[in-house]
Structure formats: structure tokens, C-alpha cells
Amino acid sequence: MLDLQVPLLAAKALLLLLLFAFIYVVVRRGIGDLRAVPDDEVFVPGVENKTPRRRAQEKPAYGSNGRGKSSVLVVEDSEVLAPETRFPVSGGVMVLGRSSGSDIVLKNDDYASGEHARLTRHGGLMYVEDAESTNGTYVNGRKAVGATPLRSGDRVKVGSTTFRYSE
Amino acid sequence: MTQRATIPMAIALLVTTLGFATLIFVQEAKSPPLIYGAYYAGTMVALYLGVRLWLPHSDALLLAVVTLLTGVGLVMIYRLTYDVPGVENLATTQAGWILVGSAALVLTVLLFKDYHRLFNYKYLLAAVAVGLIASTIFFGYEVNGAQLWLRVGPVNFQPSEFARIALIIFFAGYLADTRDLLAATSRTILGVQVPALKYFGPVALVWAASLGLLVFEKDLGSSLLFFAVPLLMLYVATGRIAYVILGTVLFSVGSLATYFLFDHVQVRVSAWLDPWSQPDTGGFQILQSLFSIADGGITGTGLGEGFSQAIPEVETDFIFSAIASELGLLGSTALLLAFLVFVYRGIKISLLAADDASKLLAFGLTSMFALQTLIIVGGVTKAIPLTGITLPFVSYGGSSVVGNFVLTALLLLVSESAGRRAAEEEDPEVVEGEAA
């Protein structure tokens, strides 16, 4: 009986082991992008190498995380700001609006609300969200409903001002 | 979005091989036609290579998860039916269905590489979906008290499995067009903002028609999905919590109504609340399921050692109990984690997709997949009242397997377009070169 029990037990253990090996491999590949290091955290090289999605490839993963990247909003067209003014976008929450407490102040813009839109970095993507403004926030000409992820080259319109977002 | 998954694919196939080997060796089960196992492995590998070739930017990790789930399902179906007279060929039939499903996946990928075309036919798809569901009333026949099956030539199938996908495409296409109009509304009834009938009408009509028909056909599991998925899509499209509140109220009213209208709902609920009051009748199935799961313990009884064959319908609805019994808490946790990875990738695809319709499509398909898993796993573990639906990819069932392969195909297509766009942004020339 014993010689039957041992391989049975071994097979059982091996099966469970393989199942979890599968989960481990899949999670490492599939969920690595969740572990984006926040911008204000110190960059540790050893950690980075454990969580890449496409390490083997020559190109970095698309916008997979904000490390080392500096994003800017560039004024394209505005009634109140000089064209080509650059606003670096850091981590955390940034507020765009007419009130002087905003991070990007759209002074005297009749079309902008006091607190018009918010920029948030989350999971390696920059999101713009309308802060219940009167006239709405537009991304590439479409009204933003809820948090809308931004990609390099997108046009964000707040009040009378159109920004170009670039990473 | 680009994901390779060669190692996960290999491990998934190893799991299947080891499972069959254990059954054949230790249990002295008669060897199944080995050629079927080879067909299965060959199909999945060919599918993976094909997807890597045709959709180089897509998320092939989904396929690795599909391979694991179908493989574990095949092993369990074989284990549960090989010595049961009358159903001993179920595993080979399932292997055949996986082949058909893979063909359906390839066809979908080749025919609808530009899946945006599907949204042009959204009204047609909605009509087809409602027609499919309605067809079983006239042409269908009953299995286990619900008339859900259609016979076309030698093949029996469950149209609601395919109607689901068509409906999600309709909702995605329609909501993407009208979401701003649905979100921006000023009229209120009883303090709840309601959208104009002109825009909400088609959604409500299709929704009500499909739900009404399913409830009429007593397909409660599907009704639950058909109710919840459009609601979630509506919420995601508009960002209005009012829809969720309204949906919850409607759900409560609807559940109460069905409870009082249908006997079998009362039977299910009483079996859920107190199976011990009727251990030989209404509570038998759920009690056997609980015994099996408890018998498994942490590491399980080992393949072929459990007694989960005592559960009626074990190879379809209750396959999770059998897995929990023979692979234990660890094995069933791994399986649920595999489902979780699939859902996570689905949501990720939805986040990275370019346009509203694609986002909503990926989200709708993923949430349906997730809810289906939740409903049936919750049901067999007595966390919620049992409603009979299949565990995606694992349960025996041709329509379910083929339907889920089509679902995967659509997710792969959305991820391909998202991945291609991302690659273009990084390095336009490379992608143009590939296209040329």
C-alpha cells in the first residue's frame, strides 16, 4: 500500500505546486504594473527589475509608470495665459481653476470656474477630472465625464484655455 | 498591453498533464483516448501561437489563464464521469467543444479584426439577442425545469450564452454614443435624476425585453447577469450613482416579486437558509456540496479520492465543489486567483482602450465574466442562494465554453488595438514598418 501512497502524495503536492507556480508567473507578469513607484518615493534599482512588464523588449512599457518622467501642460491657446507657457505636473493632486489657490491659476478667465478641474496621477497614468465646473472640461474636444486618463499629445480644454499634455 | 505568456502556457498544460497522469496511474482509471489530450494541448498551443502572430500587441496572458481553466475543467470532468454509465464520454465531448471554441475565437479574430464594425450593427445585434432568447420559448425544450435549450441538427445549445455577448456589444455601442446625454440631465422624479426617454428608451427596452423573457423562461442565473451587467455599464458610462441606487431598488423589488411568483425560487431560498430542514430533497444538493468541500480540507483528498460524485449536476454547476474537495482550499484558491487575474487584465484592457465604446465593451465582458464566477461559486458554497449557471471555462457545457472563447476573442481584439496604439506612440516607425 505504501508504494502506492507515496507517488499519490507526491503527485498531489506537485499539482498544487504547479497551480501556484502558474499563479505566481501570471501575477508577476500581469499585475506588475500595479506596483508603480510613486513619484516622490526614492527610486531603488533592485525593485524596478522585479516588476517590469516588458523587460525583455527594447522599448519601455507604455506610460506604465511615472518614474523619472516629467509631465507638462503646455498652453496652446488661451485668452488669459501666454501661449507655450509650460506647467510641470508633479505627483499628487493639482487643481486648475480661476481661484488664486489653484495650482494652475486661470486668472480672470470668465469661462473657468473657481476650481475647475483636477489632475491626479494614479497607477502610472495621469487623470484629469472635472471638478463640477460650470462649463465642463474637454479632452480632445470631448467632454470629460469622471476621471479621464491623459496620453501624451492630448488636448485639455479648461475654460478658454487649451493645454497640450505631454509626458 | 503586449504580453507574452509562453511560460504560463507551459505550466498550465503541465497541470493538465499531471492531472490526467494522476488519474490514470493512481486511480487505475481506463486511459482516455490519449489522442484527445494531444488534440487539446495542440489546440491551445496553436491558439496561443496564432494569437501571438495575428495580434502581436494583444494580452496573451488571457489565453494562458483560459488554458489553465479549461485544463483543470477537463481533468475534473473526466474524473467525475469516466466510470459513470451514460456520461462516460463527457470529457471527450468537452474537449471537442474546446476545439469548436478555439475555432470560434480564431474566426472572431479574423473576421472582426476591426471590431468597431460591430458597433455599427448594434441595433441588429440587440434584435438578434432578444430573438435568440425568445426562440427557446417556441422551439426550445426543457432540461431540469427550465426551457433554455435549442436543438439545431445534432447540436444542442443554449442561446442565452451568445445573446449575452451580443447584448453587451449593443450596450457598449449605444452607451458610448449617448453617455453624455444620459449623464447630463436635469429632470428629476422623486429626487432621482432621470434621463430623457428619447435616449434612455432603447436601453430600457432591450434590457426589459431580455430580462422579462429570461424570467419567463425561469433562467434565474442568466437573468441576474442580464440585470447586473447593463446596470454596471450604465454606471461606468455616466458616473451617476443614481443608476446604482435605482438598480438596487429595482433588484430588491424584482427579487421579492419572483420569490412570491415562482415556486422554485422559494425552494432555492429555503434550501439556502436552512438546508437541514430538507436534507433529502431541496437541501440535498447544497449539503452534498458542503460535505465535499469540507472533506477536502486544506490540501484536498487528492484527485480521484473524493466523493463529490454524490452531488447532482457536479460536472456543470457544482464543479467548483469537486475541485475544492479534491484539490482542497489551496487548489480552489489558486483557481479563484486565476479568475481574478483574468478579471484584472480585463479591467486593465478597459482602462487602456482608446475610445468609449471599446472601454465599455471590455468592461461589460469582464464584469459579466466576474459576476458569473461570483454567482456560481457563491451559490455552491452557500454564501448566496444557488442559481444554476456554469463556472466559465471550467464547467461542462458546449455553449458556455464557446461563448466564453468568443468573449476572450473580443477582449484580445480590444487589447490589440490598445497595445498597437501604445506602441505607435512610443515608436511610430516600428509599427508602420510592421504594417507595411
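Modeller: Buried means a residue has under 20% relative accessible area, exposed means over 50%, and partly exposed lies in between, with a 1.4 Å probe and protein chains only. This is a predicted model in which local features need pLDDT of at least 70 and side-chain atom pairs count only at pLDDT 80 or more, while totals for chains, interfaces and linings use all residues. Side-chain values use heavy atoms, with hydrogens and water left out, residues are numbered from 1 along each chain as its sequence is written, and chains are lettered from A and ligands numbered from 1 in the order in which they are written.

Biologist: Is D356(B) buried or exposed?

Modeller: D356(B) belongs to helix α14 (residues 356-380) of chain B, where a helix is a DSSP run of H or I with at least four residues and a strand a run of E with at least two, numbered from the N terminus. Because its relative accessibility is 17%, D356(B) counts as buried.

Biologist: Which residue forms a salt bridge with D356(B)?

Modeller: A salt bridge is a side-chain nitrogen of Lys or Arg within 4 Å of a carboxyl oxygen of Asp or Glu. Here the closest N and O atoms are 3.8 Å apart, and the pair crosses between chains, reaching strand β8 (residues 142-143) of chain A. The partner there is partly exposed, with a relative accessible area of 47%, and it is R142(A).

Biologist: How many residues apart are R164(A) and E76(A)?

Modeller: The side chains of R164(A) and E76(A) meet in a salt bridge, at 2.9 Å from N to O. This pair links distant parts of the chain, with R164(A) in strand β11 (residues 161-166) and E76(A) in strand β1 (residues 71-77) of chain A, and the separation is 88 residues.

Biologist: In which helix do R164(B) and E161(B) lie?

Modeller: The side chains of R164(B) and E161(B) meet in a salt bridge at 3.2 Å, N to O, and both residues are buried. They are three residues apart, about one turn of the helix, and that helix of chain B is α7 (residues 159-183).

Biologist: How many salt bridges does the structure hold over all chains?

Modeller: Among them are the pair R142(A) and D356(B) and the pair R164(B) and E161(B). Over all chains, the number of salt bridges is nine.
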